[in-house]
Amino acid sequence: MRSIFFFPISTRAKILTLVYVFCRPNHFCSSTMLDKNSCSFTRQLFPEYQRDAGLCELHLQRTCSYKEFPSRIRKGEDWKVCRIAVFRADSSESSGHSGVPMFSLVGDSLYKRISELGDPNLSVFTVLQQWVNEGRGAKKSELQRIVKELRKYRRYKHALEVSEWIASRRNYQLAPSDCAIRLDLIAKVHGIVSAGKFFERLPDEAKNKLTLGALLNAYVNENMTAKAEAIMEKLKESGYAIDTITYNSMMKLYMSTHRFEKVPLMIQEMKKNDIPLDKFSYSIWLNCVAMSDVNKMEEVIDEVKHDNNVNTDWTIYSTLAAAYVKAGILDKAESALEKVKNKMPQSDRSAYEYLITLYASVGKRDEVYKVWHSLKLIFPKPKNRSYICLLSSLVKMGDVEGAEQIFKEWESVCVRYDIRMANICLKAYVKKGLLEKAESLLGNIIQKGGEPNFNTWEIFAEGCIQNGKFEQAVAALKKSASVGKFVKWQPKPVNVLAILKHFETHCDLESAEDLLKLLRDLNCVDIEMCNSLIRTYAKSGKADPGIFELMERYKVNCNEETDMLLKQTRQP
């Protein structure tokens, strides 16, 4: 919801109109408060436009009467300025927004407009065209930066649309890296088949090291070993210098597909061809060795120490510690964690979080709190992800009381309610059988403006099932379905079967049919659920419920029990 307010301004030979665009809070406008009594703007607010002599003279010191603001603002609502734009008027009699837009002083950029789209189903092309229609240019370098930022935040569809926009502009000369990035994005948005077709359509000169590498990575991400190996051979045959990153990708693939014997062969090939190993190479190698012989990990660490090309930073020892934890060799894990503490930079937040997680894995509660206090000394306002890391670790160790204290601390300082935090506590309560506390927490979430998601309601449903409150469990699952419809949420089969079993035991056919309706809407029907419903019909003395047609619709195959149950229900 926005309101536009205009001030005409005269600067030498130009007539300009200053436009305020107001929006209400919580409507996704990054904004600055507008002082109710006065507003001041100088050319410092628009340094990019100092080449325009007329604008350089713009210096507004205008006292804005409170009466000049829209009536909504006079009523005391907490409105904000989210955009202040200047328009060149068509005439000195200009009284509004009919002129040519020149620039935005506050909070407006092409990246900001694109980032505000949010919904991946909304098109970036509309935003880009509007930007151009406003007379603004977009340098290729700026668009490339936008693609990079969108990829960083995993907004691949919008990143692909910007990439396609770059390719469609005749005045932009495409570099090999542009094609490689576009191929990667196509694989993520449209799938590996589309990425392969895009590669085939490229001219021969564009099928180079960069695009081949992008295609290889796409195959690696899909665990397509044969395809990835074929690209690797093609790189070798073409005479391209294969770098460390490519070998790391292949080793990652072999680890994902449990072909652990291939990793040492890759390491040998790298050494033979004088391709330097980096810390990621050694980390993969360490993880691979841990699968077969944990004791040999020390040999890898010794090699790392003598490799002058690799800085033995904290990540190497964190990998070592994690491997020892997994193997149950806790004394060596603690020794490795001490080295992590000695080598980690104080400014690396992720190092603290990793330490918290690993110390929780070895049951060192005191160390977990020590690391947390150290983190807070460097970062007085921890991010939500740090709180989530600590909360999960405390729950993992069974320290529910400690988790409650941390959750209260977070609630007292949080700017925006992160439902993930509450879900961790809720799950801990359910696991401990503390349904009353779970109910109280759920009410508190809603009261404080939190928005329970599908995980929240399903966790609560599990607590209700454990405590025999099946009607509440079904109601919670329905709420999960409602808030999770956009992600195609489906309930856990174990929860559904537990509820159906209860209805079956009590011959509660009406409730069973009500649950089946929900399952049909969620496209979530399997043979065990169908058999349970048929047994409920049989115990209730009902005839054929038409379940066979339902099974055909959802392609659920009968088993021996189903055939027997169907015969029973069809008997007069």
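Student: Which residues are linked in a network of salt bridges?

Tutor: The network links Glu-338, Lys-341, Glu-367 and Lys-370. A salt bridge here is a side-chain nitrogen of Lys or Arg within 4 Å of a carboxyl oxygen of Asp or Glu. The idea behind it is simple: side chains of opposite charge can pair when their charged atoms come close.

Before we go on, some ground rules. You have a predicted model, with residues numbered from 1 along each chain as its sequence is written. Local features need pLDDT of at least 70, side-chain atom pairs count only at pLDDT 80 or more, totals for chains, interfaces and linings use all residues, and side-chain values use heavy atoms, with hydrogens and water left out.

Now the wider setting. The protein chain has 29 helices and six strands; these are DSSP runs, numbered from the N terminus, with helices being H or I of at least four residues and strands E of at least two. Of its 572 residues, 46% count as buried. Buried means under 20% relative accessible area, exposed over 50%, and partly exposed in between, using a 1.4 Å probe and protein chains only. Searching the whole structure turns up 29 salt bridges, so let's visit some pairs.

Start with Arg-136 and Glu-134, whose closest N and O atoms are 3.0 Å apart. Both ends are tucked away: Arg-136 is buried at 14% relative accessible area, and Glu-134 is buried at 13%.

Next, find Lys-157, which forms a salt bridge with Glu-161, the closest N and O atoms being 2.8 Å apart. Both residues sit in helix 6 (residues 156–168), and because they are four residues apart there, about one helical turn separates them.

Finally, look at Lys-448 and Glu-411, where the closest N and O atoms are 3.2 Å apart. This pair links distant parts of the chain, 37 residues apart: Lys-448 is in the loop between helix 22 (435–447) and helix 23 (454–466), and Glu-411 is in helix 20 (residues 400–413). Here too the lysine, Lys-448, is partly exposed, at 46% relative accessibility.
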